[in-house]
Amino acid sequence: FTMVYLGTYDLISSAVKEKRYQQSNQQQQHLPMQDVIMISSFTGACAWICNYPFDTIKSVMQSSKKKQGVGNSSLSIDAAIRSIYKSGGLTSFFRGMGPSTFRAMLVTSARMIAYEKTLQILGG
C-alpha cells in the first residue's frame, strides 16, 4: 500500500512541479498545499482501491480465528477467497470500500501535508 501511494505521489507531484514551474519560468519550489492535498488524496484512493481485495481476504482470515475459537488456526488464503466469493461474487471483495477509501484519502493527505511542510521547514 505505502509503496503504491508514495511512488505514485512522487511521480505525479514531480510532473506537476515541472509543468507548473516550466510555464512560469520560475525556479522550482514547493507545491501549493491545494496541489499536495489533491495529489495525495488521489494517490491514497488509488492505492487503497488496489489493496482493498487483499485487505478483505486478510480480514476474513483473521476473523475466522475468532469464530473457530481454536488457538492460532485460521482459514487458508484459498478458503478465504472461496468464502468471500461464495457470499456474493466479485463485489464481495469490495464491500465497504467507499468509506475506507475516503478514510485513506484523508490519512494520506494528512501524511503528505506533514511531509511537505517538514521539507519546507528543513529547507529541502
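Reply: Start with burial. Buried means under 20% relative accessible area, exposed means over 50%, and partly exposed lies in between (1.4 Å probe, protein chains only). This is a predicted model, in which local features need pLDDT of at least 70, side-chain atom pairs count only at pLDDT 80 or more, and totals for chains, interfaces and linings use all residues. Residues are numbered from 1 along each chain as its sequence is written, and side-chain values use heavy atoms, with hydrogens and water left out.

Me: Why is Ser13 called buried?
Reply: Its relative accessible area is 4%. The cut-off is under 20%, so Ser13 counts as buried. Ser13 sits in helix H1 (residues 2-24). Helices here are DSSP runs of H or I, at least four residues, numbered from the N terminus.

Me: What does Ser13 contact, leaving aside neighbours within four places in sequence?
Reply: Leu31 and Ile39. Contact means heavy atoms within 4.5 Å.

Me: What makes Lys58 and Asp55 a salt bridge?
Reply: The rule asks for a side-chain nitrogen of Lys or Arg within 4 Å of a carboxyl oxygen of Asp or Glu. Lys58 and Asp55 meet at 3.3 Å, N to O. That is within 4 Å, so the pair qualifies. Both lie in helix H2 (residues 33-68), 3 residues apart, about one turn of the helix. An α-helix has 3.6 residues a turn, so residues three or four places apart point the same way.

Me: How many salt bridges does the rule give?
Reply: The count is 2. Asp78 and Arg82 also meet in one, at 2.7 Å, N to O. They lie in helix H3 (residues 77-86), 4 residues apart.

Me: Why is Arg82 called exposed, and what is Asp78 called?
Reply: Arg82 has 51% relative accessibility, so it counts as exposed. Asp78 has 41%, so it is partly exposed.

Me: Which residues make up the largest nonpolar core?
Reply: Tyr5, Tyr9, Leu31, Val36, Ile39, Ala47 and Met112, 7 residues in all. H1 and H2 are the elements that give two or more residues to this core. H2 gives the largest share, 3 residues. A nonpolar core is a set of buried Ala, Val, Leu, Ile, Met, Phe, Trp, Tyr and Cys residues joined through side-chain atoms within 4.5 Å.

Me: What does Met112 touch, not counting residues up to four places away in sequence?
Reply: Tyr5, Leu6, Tyr9, Val36 and Ser40. Met112 is among the buried residues of H4.
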